[in-house]
Structure formats: structure tokens, C-alpha cells
Amino acid sequence: IMAVTVFAVGMAVPAEAAKKSKRSFFNSVEVRSSNLKPFKKWRAALKRYSLEKKRKNNKTACTSKRLNICNYSDWGKFLQSLKGKSKLSQIRAVNFRMNKAKYITDKNNWGRKDYWATPAEFMKNFGDCEDYAIIKYLSLRQLGFKEKELRVVAVKDLNLKVGHAVLIVFWKDEKSKKTRSLLLDNQIKKVVDSRSVRHYQPVFSINKNNWGRHRS
């Protein structure tokens, strides 16, 4: 459960950007902006991640045997094992591996209502929905996926009436030559086409370069 969905509901999008609205995933209309200043937790997580990479050989304590990626070396080996495989295989493998982690709320982990964790923090303490989405996003970036192919998405779960976070990956189907939006969700075991999921209402989506405000 995440609290950040409320954050963007009242956020204004510049008038010039509003003219560039377009259809998007989960049957929404999206208006994009490059102004990431309001997203402090996101920017802070990326900044801490950049520092982590400089200390990537440092070991971190592993408190569970369920997810054997307790340091950057093991994470790197896992990602290296996926090099050369198809993009769809990489997407599925990353989703499957990260979904093995135990779900832990931010309040239990950090004593806060909402905290966006880095990969090292997730490997050590596990995390909640946005933390799964973030490590999947950064794993795919390490594998060569472009920013424009990836979005961490804050949604409203219309069934449970709570906030949630997932990763959307834009993947080109080589057979149909069409680009599909694939959903990577810690609540769903397999990667699925976002069109098959109707109980999520996106509020905002974000990557390193842009964020998008979504409405029905």
C-alpha cells in the first residue's frame, strides 16, 4: 500500500503541456511534463542509488534466504545471466526474481508512512509495492532498456480502495510489430498485458526524465 497516489491528484500541469495529452495505459489520458522537482522521494532514491553504484562491491547483510541478491555482486551476476536473452525473457525473469522478496511496509521498515527504497535498501530490508517497482525498473535499465520504455506508476486499486505502485514496460512484439504495455506487479505472479487489468486507475507515472499525470 502506498500513500503517494494522493500526492499527484491535485498537482497542476503546465498549460503548454496540457495541450499534448494522449491516450495511455490502463485506458487513461496522459499529460507529460519534464519537471520532476515535486517528486522528492523519487529523486532522493535515484540520488542514493547513484552513490550505491560507487560502492557496489560492498557486501550488505542478508536477513532472508528467500531472495538471494543481498549484495550488488549477486545482483550483477543475476543481470549478467540475462544478457543476450530476448527482451521479453529479461522482463519475465526480473519480475519473477524480484517478486520472491517478502512484502514489508514502510512503517515497519523505516518508521515512515512512505519511503522509496534503493536496490541495496530493498535487498537488505525488502519493501513495499513501489520498492518492487523501483528495483525492477533499475534492473531493466541495467539490462539496456531505455527510459522511454519504462514507467513506475502510482495507481488506485479500485477493488481494494488503496494506493499501489507497479512498473509498466513498453515492449515491441516482434510478431505483430505492435508495442504493448506490460504490467510488472508484485501482486501478480506473471507479466501480463496492462489491457487485461481493469481494476487499476493510474494517477501518475514517472521515470528519470519525465512524469505523466493520468486521468480517465
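A polar contact is taken here as a pair of N or O atoms within 3.5 Å, where, within protein, one atom must be able to donate a hydrogen and the other to accept it, and where residues adjacent in sequence count only if both atoms are side-chain atoms. The structure is a predicted model, in which local features need pLDDT of at least 70 and side-chain atom pairs count only at pLDDT 80 or more, while totals for chains, interfaces and linings use all residues. Residues are numbered from 1 along each chain as its sequence is written, and side-chain values use heavy atoms, with hydrogens and water left out.

By this criterion, the side chain of Asn99 reaches the backbone oxygen of Asp185 at 3.1 Å and the backbone oxygen of Ile188 at 3.3 Å. Asn99 itself lies in the loop between helix 5 (87-98) and helix 6 (106-110), where helices (H or I, at least four residues) and strands (E, at least two) are DSSP runs numbered from the N terminus. Asn99 counts as buried because its relative accessibility is 19%, the classes being buried under 20% relative accessible area, exposed over 50% and partly exposed in between, with a 1.4 Å probe and protein chains only. When residues up to four places away in sequence are not counted, Asn99 touches Tyr132, Lys136, Asp185, Asn186, Ile188 and Lys189, contact meaning heavy atoms within 4.5 Å.

Eight strands form an open sheet in the order 1-2-8-7-3-4-5-6, with antiparallel pairing; two strands pair if DSSP finds at least two bridges between them. The edge strands, each of which pairs on one side only, are strand 1 (22-24) and strand 6 (192-193). Helix 8 (residues 129-142) packs on the sheet and touches strand 3 (150-157), strand 4 (162-172) and strand 5 (179-184), and its direction makes about 20 degrees with that of strand 4. For such angles, axes are lines fitted to C-alpha atoms, for helices over the stretch in contact, and the angles run from 0 to 180 degrees between N-to-C directions.

Strand 4 is largely enclosed by the rest of the structure, because eight of its eleven residues are buried. Strand 4 is joined to strand 3 by eight bridges, and Val152 stands opposite Leu167 in strand 4. The hairpin of strand 3 and strand 4 has four residues between the strands, and in this hairpin Lys161 takes a positive phi near 60 degrees. Six bridges join strand 4 to strand 5, with Phe170 opposite Ser181 in strand 5.
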